Amino acid sequence: MDTKKIKMPYGITGEKIQEVEREVPITEPDGWPVNAQLKQVGKSIKRLDAEAKVTGAARYTSDMQLPGMLIGRALIATYPSANIKGIDTSAAEKLPGVYGIHIMKNEDDREYPIIRYAGQPIVAVAAINEDIAEEAIDLIKVAYERKNFVVDIEKAMTPESPIVYEAAVEQEESEGGEEIAEGLKLEGNVRGPNQGQPRGELEAGFAAADVVLEQTYRTQVQTHNALESHGMIVDWRPDGVTIYASTQGTQGVRDEFADLFDLPRSKVRVIVEYMGGGFGAKHGLGTYGGAAGHLSKMTGRPVKMMASRKEEQISQGNRPNSIQRLKVGVTKKGDLTAIEQESYGTAGVGLGAGVGGVAQGMYTCPNFRTRQYDVFTHAGPGAAWRAPGAVQGIFGLEQMMDELAEAIDMDPMALREKIDPSRIRKAARKMGAERFDWSRRKPKASDTGPIKKGIGMAQSSWWRIHNLNATVEVKLLRDGALEVRSGVQDIGTGTKTILAQIVAEEFGLQTEDVMVRIGDTLFPDAPGSGGSQVTASITPAARNAAYQVKMKLFDQVAKILEVDASTLKLENGMIFSTKDSSKKISFQEASKKLPVSQITATESRTPEYKGDYLHWDLGSVQFAELSVDTETGHIHIDKIVAAHSCGRPINVRQVESQINGGVIQGISYALYEDRILDRNTGHMVNHTLDTYKATYAADIPEIDIVLLEDYNAKSSTDAYGIGEPANIATAAAIANAVYNAIGVRIREIPITPDKVLKALNQV
Amino acid sequence: MEDKHITPKSGITRRGFIKGAGLTTVGSVALQSGVFAGTEKTEEVKKDLGPDAVNITMNVNGKIRKLNIEPRATLAKALREDLQLTGTKIVCDRGSCSACTVWIDNTPVNACMTFAMDVGDKEVTTIEGLAKNGKLHPIQQAFIDHDASQCGYCTPGMIMSTAHLLSRNPNPTIEEVKHATRGNYCRCGTYPHVFEATLSAAKKMK
Ligand code: FES
Ligand code: FES
């Protein structure tokens, strides 16, 4: 491929930004300068769809009613482990208004599904309204043959435990970023270990240490609990299927649906215009999408199948728990000599309960080994949940780093300074510490009254993930209107708006001048919103397509102005020749003169440009300040400072919104949330919103964001995501601050008042 | 881990056990591929169930609307399904998230906890009725300016709560804003921007 050499900014806020040369495909534009010199990109532009959201006009999947649409409801399993001997649907079939009944299946050779958790969907019914569908569900009789079950992870690991799967199982990763290794051994309920990439010699490493600490950290199961539940409307017609889906990935739904029903992908169209939250759990077709497909095919009518709140909490995904043992050696000077990690976690009947790669990759340490095990239990399947694995892993790792720092009498920040090779986190530590005023940190448990204040910090790491399968079409019409089209979805992150910003910047227009059509597989394919990959994947494709359209326009203009196209420039609505400024034409005029009514270009993400990153990962540092009431055990978070990087930020306000969200979910995880299963019945006890405690308005502290710009010169936009990074460090920072406040370390979340009081009683 | 960034995630991956878990319907069976009992016409079937449904009128956003509803229908359901006013959301359906907040005679209520029949001749205001004469309510504009919605699903409820606060307290403190939105659940975590937007709208409304 022909290439050219261009200059690009390289560096990080707070340091001098250098210029580097990159060799890039000839089809791509020159590098943008830093954000301060741009007009649309890097600015806090209002969301294009904000008005629809504040007026109630935005129509979500759950809001849609199609002509003739049936409502689907599910019958869910009463028992956590059972074989089904029979299902009697005869009474339901006779109920007026019932149009279709579909029995799920999870083993090829069995008539009925094997039940592996209480709440597992078994039968789906389509009726003319929800009430009748629910009445029909009540009329269906299931004959269960009950079996022993296990919902407790530690019990599930014992040899005498009831078994969830008799034979080895595999599961593909979703686009959510969770790691599932293939082909691992299954012994009882324990599958693994996933050993990551070990290095060095542990024994020698520990021998070289002055201090070796070994601790166990525990995290709980957290449900996603998005406001809009999982679900889809499937409209099956002879000439093709249209699916309205509450999804994080249009393409993933299309492909799974086509595979399941043996249809060509061209016959399946998936649409999601507005989506009420996913956080990792809404990739793929899901049980309800599949059931709606069967029912629509069977009845010839559109079928809407949304999970109830209870089903949402039980069967539609969760963040697996973890029991992590960490053994780490450190020298008196603060060099890590060895890290040994072992973890067990349960994603219920699913996989993906590892603790990620943070212990492996974040800090300089020559000797490393991990062994991560999944433990099956009779509980609803886990799913990717914002920074899957990393959130759990950092909770252990970053507390351990604080424990080591204390053991060698070092400030926690000073230890990170020593062991952390990331320039980006270094800058974040510096700027964050200034904003937070880290210097006011007192020795642990210094406050004498009943309310004890504490401060703490923690760091995080996430990959710079980008996906080459990200395509955008840009279209210029004769009236000068610009349209962007892509199958990519906006799940509330602001993807729609940043696409418009990118194209507007390239054409010197205003963001609101650009029409963005996304969330529809009618448009070019793009990746799911997972792993914080969308911004890094889709924005270079959008810019490159816009640039191609501009070049095609310049070719036309060159003929009109009788100049060489390569001398043309577009600025402030005028196209002019850099050689002869009298040769010019307005963008509007030039568009009017198009020989055909439109120019389009379609581009896909190209590989990252060759050359070094500032640092391989996306780093963050978060600081927490809190008060512990030692009489009630209640913790109040007073302030969080979150210092983050995401490459070139495209829309600062939107990035801040996402960081706020990540921090708030982190607080919720650290202090409140906990899925509780009854060990006697296997049922989820707290599936309602009033019993599943999460952060509400009263729990929200001041959140102060330090947003770094890190220019790596790796693509035409140099942008990366922020969704996952925002959510990783908060719980560990809070746990470290709790220790600073009360002088007792609580190594298990959620840190509820009873745990605080218990810890204080040990003093 | 260090070199994950140079290996872009390849193409599509999908969730689904090859064997086993509940998250899939691979290889499902249909009991029967015909149409079951019930008439073809939706309306007629509704009439079959009809003895219990009643005709009522309701003043919604200043317009008198006719409804044919069952006594068990909640206001939230009636608004969403019968009047197509889907800005009012149902999330928990039991009074613990405020996504369904509407005003009845200017008092915020959870529409999921209110029977449609019980509204009587009182006036219902929903998110769709907040903008007047094509002009957004200042709190709606402030939500746009301060990026106070992400996925936006909680937004109508948040706005109905904060707009009501401003109607009786033109000068709220942040603690009062928190109090007014204490029941509104937002999983995306827009709270800080919601607080900012409300305080700024209060200033602008002076
Ligand atoms: S839906 Fe009414 S309060 Fe939750
Ligand atoms: S914006 Fe998504 S729930 Fe509030």
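Predicted model: local features only at pLDDT ≥ 70, side-chain atom pairs only at ≥ 80, totals over all residues.
**Entry 1**

I looked up an open sheet in chain A and found three strands in the order β2-β1-β31, with antiparallel pairing. I then asked which strands stand at the edges. They are β2 (18-25) and β31 (710-711) of chain A; each has a single partner strand, so one side of each is left without a neighbour in the sheet.

I followed the pairing of β1 with β31 next. Strand β1 of chain A covers residues 3-12, and its antiparallel pairing with β31(A) rests on two bridges. For I12(A), I noted D710(A) in β31(A) as the bridge partner.

**Entry 2: chain A against chain B**

I turned to the contacts between the two chains. On the chain A side 124 residues are in contact with chain B, and on the chain B side 88 residues are in contact with chain A. The area buried between the chains is about 9100 Å², and carbon and sulfur atoms carry 53% of it. I checked which residues of chain A lose the most area to chain B: they are V54(A), Y99(A) and L227(A), which together make up 9% of what that side buries.

How many salt bridges cross the interface of chain A and chain B? I have eleven by the rule. I wrote down the salt bridge between K77(B) and E130(A), where the closest N and O atoms are 3.8 Å apart.

Sorted by class, the side of chain A that touches chain B holds 44 nonpolar, 46 polar and 34 charged residues.

**Entry 3: T346(A)**

I located T346(A) in the loop between β18 (336-345) and α9 (358-361) of chain A. Is T346(A) buried or exposed? Its relative accessibility is 3%, and the cut-off for buried is under 20%, so T346(A) counts as buried.

I then looked at the polar partners of this side chain. A polar atom of the T346(A) side chain lies 3.0 Å from the backbone nitrogen of G348(A). The side chain of T346(A) also makes a polar contact of 2.8 Å with the side chain of T377(A).

Setting aside neighbours within four places in sequence, I listed what T346(A) is in contact with: I153(A), P320(A), N321(A), A353(A), V375(A), F376(A) and T377(A).

How values were computed:
Residues numbered from 1 in each chain as written. Chains lettered and ligands numbered in written order. Heavy atoms only, no water. Pairing = 2+ DSSP bridges. Helix = DSSP H or I, 4+ residues; strand = E, 2+ residues; numbered from the N terminus. Contact = heavy atoms within 4.5 Å. Buried area = accessible area lost by both parts, 1.4 Å probe. Salt bridge = Lys/Arg side-chain N within 4 Å of Asp/Glu carboxyl O. Nonpolar A, V, L, I, M, F, W, Y, C, P; charged D, E, K, R; others polar. Buried < 20%, exposed > 50% of the residue type's maximum accessible area, 1.4 Å probe, protein only. Polar contact = N/O pair within 3.5 Å; in protein donor to acceptor, adjacent residues only side chain to side chain.
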